[in-house]
Amino acid sequence: MTEEIIIVEGNGTLQGDVPIAGAKNSALKLMVATLLGQGTSVLSNIPRISDIDVMIEVLERLGAKVSREDHDLIIDTAPVNSFETPYDLVSKMRASISVLGPLIARFGEAHVAMPGGCQIGARKIDMHLAGLEALGVEFDIDHGDLVATTPHGLRGTHVTLEFPSVGATENLLMASVVAKGDTIIENAAREPEIEDLADILCEMGAVVEGAGSSTIEVHGVSIEDFHPVHHRTVGDRIEAGTFLVGGALSGGPVTVHGIDPSFLRMALLKLRTMGCDVECGDDWIRVSRDKPLNSTDIQTLPHPGFPTDLQAQFLLLAAVADGISVITENVFENRFMFASELMRMGADIMMEDHHALVRGIDALEGAPVSATDLRAGAALVLAGVVAEGQTRVYHIEHIDRGYEDYVGKLRSLGADVRRVAKDSI
Ligand code: UD1
């Protein structure tokens with residue numbers, strides 16, 4: 001495929017209404033959860049993004065039949081006859097590791113390639129493995145593959161996670177639903193996507209209580225009790241937050257639709273303290289601003305704390321706010337690569353360890369920049385919208401991993417932004 005870049009003409013504003021897609025981080029896990037129920041499940045509100053394409057390939061390699069109708073995914077898991085996910089898929093997308101729990105649940109065995117390093121820190125899987133071991137899974141490493149077996153079956157247990165890891169909570173949840181007896185997961189992740197996963201599992205036949213809180217209780221049932229389902233994915237709080245930042249940057253109003261405002265409490269609080277007006281309905285949020293942006297202090301934390309996936313977008317807001325902001329990244333190492341790109345656009349940022357000290361400036365200048373990850377990529381395009389002059393964003397394949405039709409949605413809000421083939425410029 002021809003490599004594309006995004007060109008943004010600056011001095012723009014964003015105004016209007018934008019529909020929010022289903023949550024990427026939920027959809028990926030709902031897809032693997034369907035492996036538990038043999039037959040045809042339908043998942044709706046699935047975003048059309050490249051990470052979903054990779055997960056479709058993961059399911060197809062296991063033997064599932066997957067088809068798509070607009071934003072519905074139809075997954076027939078009856079023909080699944082393999083429990084292997086090779087390196088070419090896991091290296092494309094780390095979230096492929098979430099297939100481990102469902103495969104262990106369905107087959108009692110799994111061969112999944114170990115994920116390699118990741119650009120945003122070490123991102124280990126030790127907590128996934130320790131939790132699954134407590135459930136009775138035995139692991140070996142064979143030429144870079146994790147080989148999981150359950151010689152004595154899965155048995156309910158009490159696990160306390162060292163950190164409320166989203167991925168570890170999900171893998172544990174998906175394996176423990178078929179363990180013999182009860183499992184308690186303490187210090188569980190509380191992200192809305194965990195609740196969405198628990199919901200689909202319960203609709204399929206599992207018995208799970210407390211998802212969304214720090215203690216999740218699972219009463220194990222037999223794999224034969226699971227059946228296919230029809231489930232709708234929750235809205236993507238990070239996509240919504242990204243467009244709200246766009247509105248806050250340029251004054252708006254920007255209204256995002258298809259998102260539960262309670263998913264974004266901390267981000268909305270920060271927008272208000274930065275001087276924005278924020279209004280909410282049942283499934284929409286509107287942001288506008290008619291005075292200068294105030295500086296702020298933000299530290300990323302597991303949900304319901306401030307989401308790390310909105311750190312880059314808020315760092316951008318801080319870069320053009322009045323005064324000095326301190327942004328602290330507590331969830332991932334090395335997640336300030338975005339700051340260096342923003343500095344190419346004139347931002348005044350000092351980084352030390354996991355803190356960024358941001359001195360607001362009057363205006364950013366358009367420049368050629370590179371998306372270092374998907375959230376950084378989305379934020380760089382927003383930076384281009386309000387900067388002076390033209391911005392070219394390279395490596396936009398990162399944006400396509402998580403944002404459906406980002407350019408089209410920004411254009412519908414009035415931005416002068418387009419995708420062009422890299423070779424054509
Ligand atoms: C998920 C999201 C990602 C989001 C993150 C935190 C998906 C596909 N991705 O990633 O967008 O930024 O949650 O909200 O849902 N860790 C360990 N050992 C482990 C597991 C995690 O040390 O076994 C560390 C990681 O290196 C990281 C931190 O814990 O520093 C958080 O990771 P985790 O919550 O597991 O994030 P992911 O599930 O990978």
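## The sheet with β2

In this predicted model, strands β2, β15, β17 and β16 form, in that order, an open four-stranded sheet with mixed pairing. The edge positions belong to β2 (16-19) and β16 (277-280); each has a single partner strand, so one side of each is left without a neighbour in the sheet. From one strand to the next, the twist averages 20°.

Strand β2 and strand β15 (residues 254-257) run parallel and are joined by four bridges. Within this pairing, Gly16 stands opposite Val254 in β15.

## Helices on the sheet with β2

Helix α8 (residues 237-250) packs on this sheet and touches β2, β15 and β17 (284-288). The direction of α8 makes about 170° with that of β15. An angle over 145 degrees counts as roughly antiparallel.

A further helix, α9 (residues 265-273), lies across β16 and β17. Relative to β16, α9 runs at about 145°.

## The sheet with β18

Another open sheet of four strands has mixed pairing, and its order is β18-β19-β21-β20. At its edges are β18 (297-299) and β20 (348-352), each of which pairs on one side only. The twist here averages 15° from one strand to the next.

Helix α10 (residues 311-319) packs on this sheet, where it touches β18, β19, β20 and β21. The angle between the direction of α10 and that of β21 is about 30°. Inside the sheet, strand β19 (residues 324-328) pairs with strand β21 (residues 355-359) over five bridges, in the antiparallel sense. Thr328 has His355 in β21 as its bridge partner.

## Helices α1 and α2

Two packed helices are described by the angle between their axes and the distance between the axes. For helix α1 (residues 24-33) and helix α2 (residues 50-62), the axes come within 10 Å and cross at roughly 10°. Angles under 35 degrees count as roughly parallel, and α1 and α2 are therefore roughly parallel to each other.

Which residues of α1 and α2 meet? On the α1 side they are Lys24, Ala27, Leu28, Met31 and Val32, and on the α2 side they are Asp51, Ile52, Met55, Ile56 and Leu59. Sorted by class, the contact of α1 with α2 has eight nonpolar residues, two charged residues and no polar ones.

## Helices α4 and α6

Helix α4 (residues 100-107) and helix α6 (residues 166-176) form another pair, with axes that come within 7 Å and cross at roughly 10°. The helices α4 and α6 are therefore roughly parallel to each other. Their crossing is right-handed.

From α4, the contact takes in Leu100, Gly101, Pro102 and Ala105; from α6, it takes in Asn171, Met174 and Ala175. Five residues in the contact of α4 with α6 are nonpolar, two are polar and none is charged.

## The whole chain

How many helices and strands does the protein chain have? There are 14 helices and 24 strands. The radius of gyration of the chain is 22 Å, and the globule rule gives 22 Å for 425 residues, so the chain is as compact as a globular protein of that length. Along the principal axes, the C-alpha atoms of the chain fill a box of roughly 65 × 45 × 40 Å.

Terms used:
Residues are numbered from 1 along each chain as its sequence is written. This is a predicted model: local features need pLDDT of at least 70, side-chain atom pairs count only at pLDDT 80 or more; totals for chains, interfaces and linings use all residues. Side-chain values use heavy atoms; hydrogens and water are left out. Two strands pair if DSSP finds at least two bridges between them. Helices (H or I, at least four residues) and strands (E, at least two) are DSSP runs, numbered from the N terminus. Axes are lines fitted to C-alpha atoms, for helices over the stretch in contact, and angles run from 0 to 180 degrees between N-to-C directions. Contact means heavy atoms within 4.5 Å. Angles under 35 degrees count as roughly parallel, over 145 as roughly antiparallel, 65 to 115 as roughly perpendicular and the rest as oblique. A crossing is left-handed if the near helix is turned anticlockwise from the far one by less than a right angle, and right-handed if clockwise. Ala, Val, Leu, Ile, Met, Phe, Trp, Tyr, Cys and Pro count as nonpolar, Asp, Glu, Lys and Arg as charged, and the others, Gly among them, as polar. The radius of gyration is taken over C-alpha atoms; the globule rule is 2.2 Å times the number of residues to the power 0.38.
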